[in-house]
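Please open the model in your viewer and keep the selection tool at hand.

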Amino acid sequence: MENKPVALITGCSTGIGFETALLLARRGWRVFATLRDVKKSGPLRKASAGMPLEILPLDVDRTASVRRAVAGVVRKAGRIDALVNNAGWGAFGALEEFSDAEIRAQYETNVFGLLRVTREVLPILRRQKAGKVVHIGSLAGQMTFAGIGLYCSTKYAVEAITESLRLEARPFNIQVAVVEPGSIKTPFKVNRRKAVAFVEGRSAYQKTLQAILAFGDNPSALAPGPVRVAQTVARALESRRMAARYRVGLDAVLFPLVRWFMPDFLYDFALRRMYARFRKA
Amino acid sequence: MESNQVVLITGANSGFGLACAKALAERGFRVYGTYRNPRKAGPLRDLAAGLPVFPVLMDVNRTASVEKGVGRVLKREGKIDVLLNNAGFVVAGFWEDLSEEDTLAQFETNVFGVLRLARAVLPSMRKRGSGKIINIGSIAAFAATPVLGAYSATKSAVNSITEALRMETREWGVDVTEINPGEIQTNVVENTRLGRDVRSKSSPYRAFTESFERFAQERFRHAAPVGKLVQTVLKAVGDHPTKRRYLVKFEDRILYWMRWLMPDAVWEWALGLTFPWSKRV
């Protein structure tokens, strides 16, 4: 038990966090799976019976909660070898119409929450002179899509956080990477919050948003499940030297590649055509 | 030249915003320049003495203030043709040296401020079926470095916000674009806020910070004059439609293309040469 590497994962009630916690536990990690609402820990508790997996409450939006959880892990395990920053959700709506509160809530979890946990864990990793941090980013951190512009902007920020933190932490033998899933068959719908203006039907963009929503709710049959993301996280954590980014799914690999070959004006044109289709739908 | 066109520039009381206000007013635009601190509005008031420049009190961090300021301009002019989202500053420090407040302050102005302004002007632009928003980004949006990670994260987010707004608002004849300057000779250095623990004796990054400061000073010796950036703004204001993004000087283009062409590993190797201390110990 003592020799097992220790992993701390946020947002484990469903989807990617859930699967990553289970997979790492099965692969010989001692896992501290955290979630905001312990009442939602039933499925994970059941699935992880008999595994070296403990469930802790951690609300990344609240500093006190983050401190308490990280201190708890250190007290129990004495160390942290890997941090997986997974907690996050997606705001849906036209960028113009998000209220201050909606913008703040989206950033609170996806950006500030990620930074909060990282800030608490980094000193521990530095003292150990070893450790790994994996951020769960998204294809949306590489490319912006209409209707989820606010979510995309948080994931763009995560990309920059990864790139800068990677270099800052390297002298202490801490490795940082971002895992970028494309569209995934996860209960992302559960983790999606629609803008109030759209829900109340008073958005100037109402029809277009509805078309985008209908499109987004039907992910391709090729889309991988959250287990694939978990496997990628495990591969990253168990490699000697982590790459800067890992892409999961055909779209996550292909879209940035196509974009890479396209001049700006052509990409602009393509996006406009795509958006016009939603508008006319 | 373009008489009766109304431009709103945020953060126009100094540096680049002020230079832009002057250049646009000299070309016949009616320029509304915002300032936050009445005690620092002197240069803007001086400019207003001889040109069609009108100072507007506005704190982009506060929604009520933004709505009031924009409302006053709209009441007087009936329209805003161009919004130049310029207000912004730099938070500098290794991620671990930044407090929660430092990070929040950085996003509050550089990201949420941009969204607030867009929200305030877009309804009137959509109603008229024309308008232009120009966001001042940074080359840091594409190339995150140590110490400037928080700044990079905000500018990456703005990059994504520009892309989403560009798609979403086009059907109303609104054009959204972004300018990504590199180092420019402005007061950006004196307007830099240092992270809480940057000067702390116990910061593990202390030696690195000093080394970075020398690097930054060297870089800024080659900063382009502010006129270069003003020229780019004039071009973006005049272009119909605008390009997807505007770069400013030759060095920025080189950096942009290097980042575009290099695989992550090569790019990091190159950054490692720039920041030798970031190599593994």
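This is a predicted model: local features need pLDDT of at least 70, side-chain atom pairs count only at pLDDT 80 or more; totals for chains, interfaces and linings use all residues.

Residues are numbered from 1 along each chain as its sequence is written, and chains are lettered from A and ligands numbered from 1 in the order in which they are written.

**Stop 1: chain B as a whole**

Select chain B. Nine helices and nine strands are present in chain B; helices (H or I, at least four residues) and strands (E, at least two) are DSSP runs numbered from the N terminus. The radius of gyration of chain B is 19 Å, close to the 19 Å of the globule rule for 281 residues, so chain B is as compact as a globular protein of that length. The radius is taken over C-alpha atoms, and the rule is 2.2 Å times the number of residues to the power 0.38. Along its principal axes, the C-alpha trace of chain B spans about 60 × 40 × 30 Å.

Of the 281 residues in chain B, 51% are buried. A residue is buried if 20 or more other C-beta atoms lie within 10 Å of its own, exposed if 12 or fewer, and partly exposed in between, with C-beta atoms placed from the backbone. Among contacts in chain B between residues at least 6 apart in sequence, 72% join residues at least 24 apart; two residues are in contact if their C-beta atoms, placed from the backbone, lie within 7 Å.

**Stop 2: the sheet of chain B**

Next, select the strands of the sheet. Seven strands of chain B form an open sheet in the order β3-β2-β1-β4-β6-β7-β9, with parallel pairing; two strands pair if DSSP finds at least two bridges between them. At the edges stand β3 (53-57) and β9 (245-247) of chain B, each with a single partner strand, so one side of each is left without a neighbour in the sheet. Neighbouring strands of this sheet are turned by 20° against each other on average, direction ignored.

**Stop 3: strand β4 of chain B**

Which way do the residues of strand β4 (residues 82-85) of chain B point? B:Val82 and B:Leu84 point one way, B:Leu83 and B:Asn85 the other way, and all are buried. In a regular strand the side chains alternate between the two faces of the sheet.

Three bridges join β4(B) to strand β1 (residues 6-9) of chain B, and the two run parallel. B:Leu8 stands opposite B:Leu83, and B:Ile9 stands opposite B:Leu84. With strand β6 (residues 131-136) of chain B, β4(B) pairs in the parallel sense over four bridges; there, B:Ile133 is the bridge partner of B:Leu83.

**Stop 4: the nonpolar core**

The largest nonpolar core has 173 residues, and those with the most contacts inside it include A:Val31, B:Val7 and B:Val31. Such a core is a set of buried Ala, Val, Leu, Ile, Met, Phe, Trp, Tyr and Cys residues joined through C-beta atoms within 7 Å. Helix α4(B) provides the largest share of this core, 12 residues. Now centre on B:Val31: leaving aside neighbours within four places in sequence, its contacts include B:Val7, B:Ala21, B:Pro52 and B:Phe54.

**Stop 5: where the chains touch**

The contact takes 45 residues from chain B and 43 residues from chain A. On the side of chain B that touches chain A, the elements giving two or more residues are α4 (100-128), α5 (149-169) and α9 (264-274) of chain B. Of these, α5(B) gives the most, with 13 residues.

**Stop 6: a helix of chain A**

Finally, select A:Arg45, which lies in helix α2 (residues 42-47) of chain A. A:Arg45 is exposed, with 12 other C-beta atoms within 10 Å. From C-alpha to C-alpha, A:Arg45 and A:Gly216 are 31 Å apart in space, and they are 171 residues apart in sequence.

Definitions and conventions:
Axes are lines fitted to C-alpha atoms, for helices over the stretch in contact, and angles run from 0 to 180 degrees between N-to-C directions.
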